[in-house]
Amino acid sequence: MRTALIGVTAAIAVTAGTFAAPAVASAPATDHHSPTQRAMDAAVEDGVPGVAGQAKDKYGTWKGTSGVGDLKTNKPRSAHDRYRVGSITKTFVSTVLLQLEAEGRLSLDDKVDQWLPGVVRGNGHDGTRITLRQLLNHTSGIFNYRDDKEFIRKYIRKDGFFKNRYDTATLGRLVKYAMANKPDFAPGTDWKYSNTNYSLAAMVIEKATGHSYGDEIRRRIIEPLGLHATSVPRTNPKMPQPSSRAYAKLAESTTGPTYDVTELNPTLAGGSGSMISSSADLNRFYSALLRGKLLPKAQLAEMKTTVKVDEAPGAGYGLGLIERKLSCGVVVWGHSGELFGSLSEAVTTADGRHSIAFNFNGTWSGDSNAVIDAEYCAK
């Protein structure tokens, strides 16, 4: 699931690292959250500098942390940390696009070229054959700009990252990286995760509304739900407080030096992964979404109509929303995200009544799925 469904990544491989920070729990876990705390501690023992998260269920809100938020000072992580949520941004973008459909301002069956004439063109890409729905469920076949060799050299590897991390990348520029490559398959014939899809979706939002996709997310989701720790940060490379440092290897190896990658221009992730949030806000967002507070029934049903993901048994991809069947049979909905030293997960049950969201501030080790499984399946 992690390698198949996580968005823009800084670390290439997902295996155990060599650095281990001391486990520091914020407070004793109540009995039914003790397995979750142990799974967080295990991630730290496996090499993640620190973990922070919150769960909400019928018993109330539980806050859990382990490890440190700063490798220099050994300051522990806070359950109230704000962090870069990476591809969790996709659910916000998809929600806005579905709201626009509900308002009759567009149709998911519209072709991309209708909204963005000539943008998806080159090396076999053809926006006249791709629908907005295929962008949202990753069946478009459009090449993932994050896999472009020039993009990797310029932004993902160590030398390029530290030289260019403050660059501003427009949505259109990110799409051009993709257009320099051939599509992965003909539209609608297969499934493959592509961040380019959501840069295009964000561009459609801007074309349909006349406002930036970030402004639309703020107006339609962040402000109505009171998500005070959530933002679409435009070009600001700094993290709001409270927050921890973020760490990555910036190489294919998971055993080399660890780098502080906290500061970067979030436009490098565009509509596919630029947002910042907190565990409490993410729980509130996904609970509201699944309970029908953000979308009419028809659009929520569209969002939950999934495509099978062969790379992740038990998972399906909807419209910016992932369905996961856990080891005990419980089904949860949400998304994962990884962006330069920050790995995040947020899921909730279909009724929105049991949610968990958490963050690793290192991207080369640890098992985030084990934390989710522990929250819902351990006895």
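This briefing describes the sheet, the salt bridges and a charged surface patch of the structure above. The model is predicted. A count of salt bridges gives 19, and a positive surface patch includes Arg353.

- Strands of a sheet pair through backbone hydrogen bonds, in either a parallel or an antiparallel sense.
- Strand S1 (residues 50-57) runs antiparallel to S14 and is joined to S14 by 6 bridges; within this pairing, alanine 55 has isoleucine 356 of S14 as its bridge partner.
- S12 and S13 pair in the antiparallel sense over 8 bridges, with valine 347 in S13 as the bridge partner of glycine 334.
- Strand S11 (residues 322-325) and strand S12 (residues 331-339) are antiparallel and share 4 bridges.
- Glycine 334 of S12 also stands opposite isoleucine 322.

**Hairpins**

- A hairpin is formed by S12 and S13 with 2 residues between them, and phenylalanine 340 in the turn has a positive phi of about 40 degrees.
- S13 and S14 form a hairpin with 5 residues between them. In that turn, glycine 352 has a positive phi of about 70 degrees.
- Arginine 353 is placed in the loop between strand S13 (342-349) and strand S14 (355-360).

- S13 is largely enclosed by the rest of the structure, because 8 of its 8 residues are buried.
- On one side of S13 the buried residues are Ser342, Ser344, Ala346 and Thr348, and on the other they are Leu343, Glu345, Val347 and Thr349.
- S14 is mostly covered, with 6 of its 6 residues buried.
- Both faces of S14 are covered: Ser355, Ala357 and Asn359 are buried on one side, and Ile356, Phe358 and Phe360 are buried on the other.

**Salt bridges**

- Side chains of opposite charge can pair when their charged atoms come close.
- Arginine 77 and aspartate 81 meet in a salt bridge with an N to O distance of 3.1 Å, and both of these residues are buried.
- Arginine 157 forms a salt bridge with glutamate 252, and their closest N and O atoms are 3.3 Å apart.
- This pair links distant parts of the chain, 95 residues apart: arginine 157 lies in the loop between helix H6 (149-156) and helix H7 (158-164), and glutamate 252 lies in the loop between S6 and strand S7 (259-260).
- Arginine 157 counts as partly exposed because its relative accessibility is 24%, whereas glutamate 252 counts as exposed at 55%.
- The side chains of arginine 220 and glutamate 216 form a salt bridge of 2.6 Å, N to O.
- Both arginine 220 and glutamate 216 belong to helix H10, where they are 4 residues apart, about one turn of the helix.
- Arginine 220 is buried because its relative accessible area is 9%, below the 20% limit for burial. Glutamate 216 is also buried, at 1% relative accessibility.
- A network of salt bridges links Glu103, Arg105, Glu216, Arg219 and Arg220.

**Positive surface patch**

- Lys56, Arg291, Lys293 and Arg353 form a positive surface patch.
- Arginine 353 counts as exposed because its relative accessibility is 55%, over the 50% cut-off.

**Glycine 226**

- Glycine 226 is found in the loop between helix H10 (213-225) and strand S6 (247-248).
- Glycine 226 counts as buried because its relative accessibility is 19%, under the 20% cut-off.
- Between glycine 226 and leucine 326 the separation is 100 residues in sequence and 30 Å in space, C-alpha to C-alpha.

Methods
Residues are numbered from 1 along each chain as its sequence is written. This is a predicted model: local features need pLDDT of at least 70, side-chain atom pairs count only at pLDDT 80 or more; totals for chains, interfaces and linings use all residues. Side-chain values use heavy atoms; hydrogens and water are left out. Patches are made of residues with over 30% relative accessible area and no salt bridge: like charges are joined within 9 Å, nonpolar side chains (Val, Leu, Ile, Met, Phe, Trp, Tyr) within 5 Å. Accessible areas come from the Shrake-Rupley method with a 1.4 Å probe; for residues, only the protein chains shown count as cover. A salt bridge is a side-chain nitrogen of Lys or Arg within 4 Å of a carboxyl oxygen of Asp or Glu. Lys and Arg count as positive and Asp and Glu as negative; His and the chain ends are not counted. The place of a charge is taken as NZ of Lys, CZ of Arg, CG of Asp or CD of Glu. Buried means under 20% relative accessible area, exposed over 50%, partly exposed in between (1.4 Å probe, protein chains only). Two strands pair if DSSP finds at least two bridges between them.
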